[in-house]
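Please look over the sequence and the structure shown below before reading on.

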Amino acid sequence: MNIPEDRRYTQNDEWIKLDGESATVGISDYAQDQLSDIVYFEVSLGEGDSLSAGDAFGTVESVKAASDVYAPAAGELVAVNAALADTPEAINSDPYGSWMIKLKLADAAELDGLMDAAAYKAYIEEREA
Amino acid sequence: MTQPVHSQLIYDLGAPGRRGVRFPELDVPKSGLPAGLEREDLPLPEVSELEVLRHFTRLSQLNHSILTGFYPLGSCTMKYNPVINEETARLPGFARSHPLQPAEMVQGNLAVMYYLQEWLAEIGGFAGVSLQPAAGAQGELAGVMMIRAYHQDRGDTQRNKILIPDSAHGTNPATSSMSGYRVVEIPSDERGNVDLDKLKAECDETLAGLMLTNPNTLGLFEEQVEEVIKAVHAAGGLVYGDGANMNALLGIARPGDLGFDVLHYNLHKTFTTPHGGGGPGSGPVGVAEHLVDFLPGPIVAVVEEGGEDEAPLFGWHTPAKTIGRLKAFHGQFGMHVRAFTYILTQGADGLRSVSEHAVLNANYLMAKLQKAYEVAYPRTCMHEFVLEGRWKDAEGVHALDISKRLMDFGFHPPTNYFPLIVRETLMIEPTETETKETLDAFVDAMLQIAKEAREEPETLTSAPHTTPFGRMDEVQAARQLVLCCEIPRQPAVVD
């Protein structure tokens with residue numbers, strides 16, 4: 001299971017990666033593996049919308065299930081990866097390259113409260129047990 | 001190119017000019033449509049009567065139905081729909097009446113609806129029932145709209161959220177969103193119940209209500225249901241009951257007595273009206289006293305009391321603060337007749353026995369299967385239970401493969417991948433109408449599959465093998481939807 005160390009993770013299996021003042025958000029390798037083949041992805045908010053941590057911003061749907069995706073931290077939505085709507089399978093093949101939204105964070109320090117790669121790895125193992 | 005026989009559309013059959021029925025020559029002047037409204041061509045299939053019958057009979061044989069085999073599709077209550085229901089629904093007085101006939105002309109129909117309202121109210125422990133909702137999800141919408149109307153009527157307008165357990169049917173959050181509410185998900189605890197502490201933390205002055213299924217979608221009775229309901233009521237919220245799993249409770253527990261304020265019934269599950277593609281569904285709602293005025297209407301009421309030898313006069317009644325109509329006319333009347341028939345044929349004792357046997361059958365299957373499969377929440381179940389379709393020593397095998405392999409044994413697969421809180425879910429609901437022999441045959445198939453998963457996993461991952469079509473490419477079907485077929489253009493046949 002691939003868990004890059006350059007980003008933080010949520011209990012709902014999103015990742016968030018700081019990139020200057022903004023941060024990109026996607027779902028982890030574990031999440032895409034659990035969902036299996038992803039057939040649909042949609043962002044339900046638009047640029048300029050502000051989100052609190054835990055707010056749903058989109059839906060990812062696989063042959064198994066539909067699942068909401070949540071903002072790992074508070075901020076303003078500044079960009080949506082529009083290409084993913086046409087190629088949702090990219091979330092399966094490259095979960096860490098397939099960012100879904102870009103957030104201008106309200107407080108970058110909020111990320112410190114999320115899991116780092118080691119903690120996330122332990123969290124996955126705990127659920128697999 | 002000729003299609004394989006199973007894939008043929010009716011347009012692949014026939015020949016130009018072929019007819020099933022030939023009309024006699026007109027012996028009156030032809031009266032045409034106004035100019036410009038008559039189309040030049042109409043590409044209807046040109047087939048004989050026998051070709052039509054063979055085509056649709058073949059298609060029907062490709063389907064699995066409760067009449068062809070066991071159908072343990074969890075949460076759907078695929079039980080036998082008694083033939084007598086079809087007899088009564090076809091009685092001319094029911095089948096040939098029209099909803100616009102004056103109430104005085106259709107007193108028999110109104111009597112059926114009135115007593116069905118009364119009986120459903122008695123079964124659920126409620127003060128009033130409306131038969132209007134056309135199916136379960138519409139019943140849910142009616143329920144949450146009534147909750148909203150109730151709060152607004154009291155000027156209690158700051159309530160904006162609905163709590164929904166993480167094991168709930170997906171229609172619950174959809175219903176809440178459609179009614180303008182924010183949805184807050186409540187996790188389940190380690191016994192599969194609503195996490196009471198997490199629920200209580202959300203019970204504040206913004207709480208409009210809770211949507212709760214009991215037994216829940218794990219097939220488990222909510223052990224703290226009264227405390228859960230009390231907490232929501234204490235915060236001023238109302239509790240909506242999803243009656244999807246009512247087949248476990250008939251004559252045993254009444255949701256109204258447990259404190260539910262509103263509940264929908266699925267006549268097409270619990271009360272044996274046709275289901276799935278055959279439908280249509282029917283989702284009446286029952287409510288406690290304080291919501292009676294908000295019921296969707298009109299409903300049937302007694303207008304004039306009857307006497308000893310005189311039937312009462314029934315008529316339409318619109319509740320004072322009704323949320324309005326949910327459907328043209330009066331709901332799915334044909335389904336009301338079938339459900340009425342079912343309740344009448346079972347009687348009070350019979351209905352209790354239905355639920356007792358539904359629960360017994362589910363526990364029998366669970367007990368037989370729990371050595372070979374992991375039971376997600378191992379405690380006595382109600383009318384259904386949830387297994388994990390995965391093994392540590394059979395890594396490549398998934399719930400989907402088990403389901404596909406079951407088709408080779410002539411069984412409909414269980415519900416897959418729902419509820420979402422269990423991994424590789426197989427949700428199994430046998431219902432009360434199956435014999436021990438059928439249940440044992442299903443157990444044998446499941447045990448053989450568990451063995452195959454270790455010894456010959458490719459038999460599972462490439463299943464099904466005996467059906468007219470093999471494994472479908474569900475991923476491609478979802479990614480490249482083809483929603484219409486091109487109808488071949490044929491030359492118009494001019495009379």
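How many residues does helix 1 of chain B have, and how far does it reach from its first C-alpha to its last? Helix 1, residues 49-62 of chain B, has 14 residues and reaches 20 Å between those two atoms, which is close to the 20 Å expected at 1.5 Å a residue; the expected span of a helix is 1.5 Å times one less than its number of residues.

## About the model

This is a predicted model, in which local features need pLDDT of at least 70 and side-chain atom pairs count only at pLDDT 80 or more, while totals for chains, interfaces and linings use all residues. Residues are numbered from 1 along each chain as its sequence is written, and chains are lettered from A, with ligands numbered from 1, in the order in which they are written.

The model scores ipTM 0.78 and pTM 0.89. Chain A averages a pLDDT (the predictor's confidence in each residue, from 0 to 100) of 94, and 100% of its residues score at least 70, whereas chain B averages 93, with 97% of its residues scoring at least 70. Within chain A, confidence is lowest in strand 7, residues 66-70, at a mean of 90, and highest in strand 1, residues 8-9, at 97.

## Chain A

Chain A contains four helices and nine strands, where helices (H or I, at least four residues) and strands (E, at least two) are DSSP runs numbered from the N terminus. Along the sequence they follow the pattern β-β-β-α-β-β-β-β-β-α-α-β-α. The radius of gyration of chain A is 14 Å, close to the 14 Å that the globule rule gives for 129 residues, so chain A is as compact as a globular protein of that length; this radius is taken over C-alpha atoms, and the globule rule is 2.2 Å times the number of residues to the power 0.38.

The C-alpha atoms of chain A fill a box of roughly 35 × 35 × 20 Å along the principal axes. Of its 129 residues, 33% count as buried. A residue is buried if 20 or more other C-beta atoms lie within 10 Å of its own, exposed if 12 or fewer do, and partly exposed in between, with C-beta atoms placed from the backbone. Among the contacts in chain A with a separation of 6 or more, 64% are between residues 24 or more positions apart, a contact being two residues whose C-beta atoms, placed from the backbone, lie within 7 Å.

## Chain B

Chain B has 14 helices and 13 strands. Its radius of gyration is 26 Å, close to the 23 Å that the globule rule gives for 495 residues, so chain B is as compact as a globular protein of that length. The C-alpha trace spans about 75 × 70 × 45 Å along its principal axes, and buried residues make up 41% of the 495 residues.

Helix 1 is hardly covered, since the count of buried residues among its 14 residues is zero. Helix 10 has 37 residues, but its end C-alpha atoms are only 41 Å apart, short of the 54 Å that a straight helix would reach at 1.5 Å a residue. There is also a kink of about 95 degrees in helix 10, centred on B:Gly347, where the bend at a residue is the angle between axes fitted to the seven residues ending there and the seven starting there.

## Nonpolar cores

In soluble globular proteins, nonpolar side chains tend to be buried together. A nonpolar core is a set of buried Ala, Val, Leu, Ile, Met, Phe, Trp, Tyr and Cys residues joined through C-beta atoms within 7 Å. The largest one here has 107 residues, and B:Met146 and B:Val262 have the most contacts inside it. Helix 10 of chain B, residues 333-369, gives the most to this core, with 15 residues.

A second, separate core of 25 residues includes A:Ile16, A:Leu35, A:Leu77 and A:Tyr120.

Most residues other than glycine have a negative phi, and most peptide bonds are trans. B:Thr272 has a positive phi near 55 degrees and is buried, with 25 other C-beta atoms within 10 Å. B:Phe329 has a positive phi near 60 degrees, but counts as exposed, with 12 C-beta neighbours inside 10 Å.

A cis peptide bond joins B:Phe418 and B:Pro419, with omega about 0 degrees, and the bond from B:Ala463 to B:Pro464 is cis, with omega near 5 degrees.
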